[in-house]
Amino acid sequence: MTARLLLLMGPAMVLAACSTPNVPKAATAPQPRSIGTPPPRSAATGLSAMMAAAATATNPYVGGAKMMGTRTIADNCAAAPNLRQLARALNAGGGRAALSSAGPITVFAPSDAAFGRLAPGAVDQLLAPANRAALAKVLNYHVVPGAVTLADLRARIDAGGGRTQLTTLDGEPLLAARDGDAVALTDVNGNKSYVETPDVQQVNGVIHVVNGLLVPRLG
């Protein structure tokens, strides 16, 4: 089974096929605007409470690295050995500084394996300076406003009869649904990804590591 991914080839866009990521084991939560836009004043109290909770959260390890609740999303992404391509993309697209200050937000963070499913050379082309606007759209498509935990996401899915639609910072929808015990995300191009490591709490939001790249409409 294949899914179609929109990739950039210089200024032009082409379609390339990649294998649909395997369904992971059911993700289990640990027990305990545009990117860069400051939270509205009404969110200040909630953000402060989230920061306090994140500082004492029992986070899962990501790529074997400890994820500190006292760090920002950008710092924890940079510290995870299996999120190096995402960290590289954030640096190239100007998103690192934004993910250090924006919040609360939720990031569906594609693993290095997710980037590895793209056609050879596609990552370098996407990160080229000429494609910076498209890269920003791709990065924003992995972010939704608010701190959405796995339990929150499952509750929305159940309330929606098995699926729910999320609105990303890119402005385009992202479909979340149950796939057995796993949570699947389907982008506007029909590409499906799965939540592998949920609920990594940060001072400015939440990371869920996913095993596929989410692609918005480009062009």
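Analyst: A residue is called buried under 20% relative accessible area, exposed over 50%, and partly exposed in between (1.4 Å probe, protein chains only). The model here is predicted, so local features need pLDDT of at least 70, side-chain atom pairs count only at pLDDT 80 or more, and totals for chains, interfaces and linings use all residues. Residues are numbered from 1 along each chain as its sequence is written, and side-chain values use heavy atoms, with hydrogens and water left out.

User: Which residues of helix α8 are buried?

Analyst: Helices (H or I, at least four residues) and strands (E, at least two) are DSSP runs, numbered from the N terminus. Helix α8 spans residues 150–159, and its buried residues are Leu150, Leu153 and Ile157. These three lie on the same side of α8 because they cover an arc of only 65° around the axis, the arc being that of the directions from the helix axis to the C-beta atoms.

User: Which strands do the buried residues of α8 pack against?

Analyst: Contact means heavy atoms within 4.5 Å. The buried residues of α8 pack against β3 (105–110), β5 (163–167), β6 (173–179), β7 (182–186), β8 (192–202) and β9 (205–210). After α8 comes Gly161, with a positive phi near 80°.

User: Which residues of α3 are buried, and which are exposed on the face turned away from them?

Analyst: The buried residues of α3 are Leu86, Ala87, Ala89, Leu90 and Gly93. They cover an arc of only 160° around the axis, which puts them on the same side of α3. The face turned away from that buried side carries Arg84 and Asn91, which are exposed. Just after α3, Gly94 has a positive phi of about 75°.

User: At what angle do α3 and α7 pack?

Analyst: Axes are lines fitted to C-alpha atoms, for helices over the stretch in contact, and angles run from 0 to 180 degrees between N-to-C directions. Helix α3 (residues 84–93) and helix α7 (residues 132–140) pack at an angle of about 130°, and their axes are 9 Å apart. The two helices are therefore oblique to each other; angles under 35 degrees count as roughly parallel, over 145 as roughly antiparallel, 65 to 115 as roughly perpendicular and the rest as oblique. The contact is made by Leu86, Ala89, Leu90, Ala92 and Gly93 of α3, together with Arg132, Leu135 and Leu139 of α7.

User: Where is Arg96 found, and which residues does Arg96 touch?

Analyst: Arg96 is found in helix α4 (residues 95–101). With a relative accessible area of 31%, Arg96 is partly exposed. Not counting residues up to four places away in sequence, Arg96 touches Ala74, Asp75, Ala78, Leu90 and Asn91. Arg96 and Ala74 are 22 residues apart in sequence, yet 5.5 Å apart in space, C-alpha to C-alpha.

User: Is Asp199 buried or exposed?

Analyst: Asp199 lies in strand β8 and, at 5% relative accessibility, counts as buried. Although Asp199 is not a glycine, its phi is positive, about 55°. Gln201 is also in strand β8, and at 17% relative accessibility Gln201 counts as buried. The C-alpha atoms of Gln201 and Thr106 are separated by 9.5 Å, while the two residues are 95 residues apart along the chain.

User: Where is Val203 placed?

Analyst: Val203 is in the loop between β8 and β9. Its relative accessibility is 15%, so Val203 counts as buried. Val203 and Met68 are 135 residues apart in sequence and 9.1 Å apart in space, C-alpha to C-alpha.
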